[in-house]
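Keep the model open as you read.

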Amino acid sequence: MAKKTFDPDKLVLTKPEILEFCDRVLHKWNKNPADNANNILAMNAVKTSVMWTDDESLKAIWSEIIAWTFELLYQNAMAQNQEWADVMKKLKNKK
């Protein structure tokens, strides 16, 4: 059996899994809706766009988001004079 290769930039999550992620974020923000009203509105827009987007477009869009995430995290860390290892440790412990 051939071993699957890992491609960190390739989206393998399904539409329901992405929507479940959106719901988890909304659940968190809905604990304090007054402070998160704009965020809730924006996340609902994201969720709606995910629901209406075909699977191939979703994979293309979210693969780009994933690919750029680490670049943005790195640039953000460097702008704050943070060590990249510390950033990665925080990400690992976030969940």
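Where is the place of Asn36? Asn36 sits in helix 2. The model is a predicted one. The protein chain holds four helices and zero strands.

**Whole chain**

- Along the sequence, the pattern reads α-α-α-α.
- The protein chain has 95 residues, and 18% of them count as buried.

**Helix 1**

- Helix 1 covers residues 15-29, which is 15 residues. At 1.5 Å a residue it should span 21 Å, and its end C-alpha atoms are 21 Å apart, so the two values agree.
- Its buried residues are Ile18, Leu19, Cys22, Val25 and Leu26.
- Viewed down the axis of helix 1, these buried residues fall within an arc of 115 degrees, so they line one face of the helix.
- The face turned away from that buried side carries the exposed residues Pro16, His27 and Lys28.
- What do the buried residues of helix 1 pack against? Their partners are helix 2 (33-52) and helix 3 (55-79).

**Nonpolar cores**

- In soluble globular proteins, nonpolar side chains tend to be buried together.
- Which residues form the largest nonpolar core? It has six: Leu11, Ile18, Leu19, Val50, Leu58 and Trp62.
- Helix 1 and helix 3 are the elements that give two or more residues to this core.
- A second, separate core has five residues, among them Cys22, Leu26, Ile40 and Met43.
- Leu58 belongs to the largest core. Setting aside neighbours within four places in sequence, Leu58 is in contact with Leu11, Lys15, Val50, Thr53 and Ser63.

**Cys22**

- Cys22 is part of helix 1.
- Is Cys22 buried or exposed? Its relative accessibility is 1%, so Cys22 counts as buried; the cut-off is under 20%.
- Beyond neighbours within four places in sequence, Cys22 is in contact with Met43, Val46 and Lys47.
- Cys22 and Lys47 are 25 residues apart along the chain, yet their C-alpha atoms are separated by 6.3 Å.

- A polar atom of the Asn36 side chain lies 3.2 Å from the backbone oxygen of Trp29. Trp29 is within the 15-29 range of helix 1.
- Ser63 lies in helix 3. With a relative accessible area of 16%, Ser63 is also buried.
- Which backbone oxygen does the side chain of Ser63 reach? The oxygen belongs to Lys59, at 2.6 Å.
- Ser63 is also among the contacts of Leu58.

Key:
Residues are numbered from 1 along each chain as its sequence is written. This is a predicted model: local features need pLDDT of at least 70, side-chain atom pairs count only at pLDDT 80 or more; totals for chains, interfaces and linings use all residues. Side-chain values use heavy atoms; hydrogens and water are left out. The expected span of a helix is 1.5 Å times one less than its number of residues. Buried means under 20% relative accessible area, exposed over 50%, partly exposed in between (1.4 Å probe, protein chains only). The arc is that of the directions from the helix axis to the C-beta atoms. Contact means heavy atoms within 4.5 Å. A polar contact is a pair of N or O atoms within 3.5 Å; within protein, one must be able to donate a hydrogen and the other to accept it, and residues adjacent in sequence count only if both atoms are side-chain atoms. A nonpolar core is a set of buried Ala, Val, Leu, Ile, Met, Phe, Trp, Tyr and Cys residues joined through side-chain atoms within 4.5 Å.
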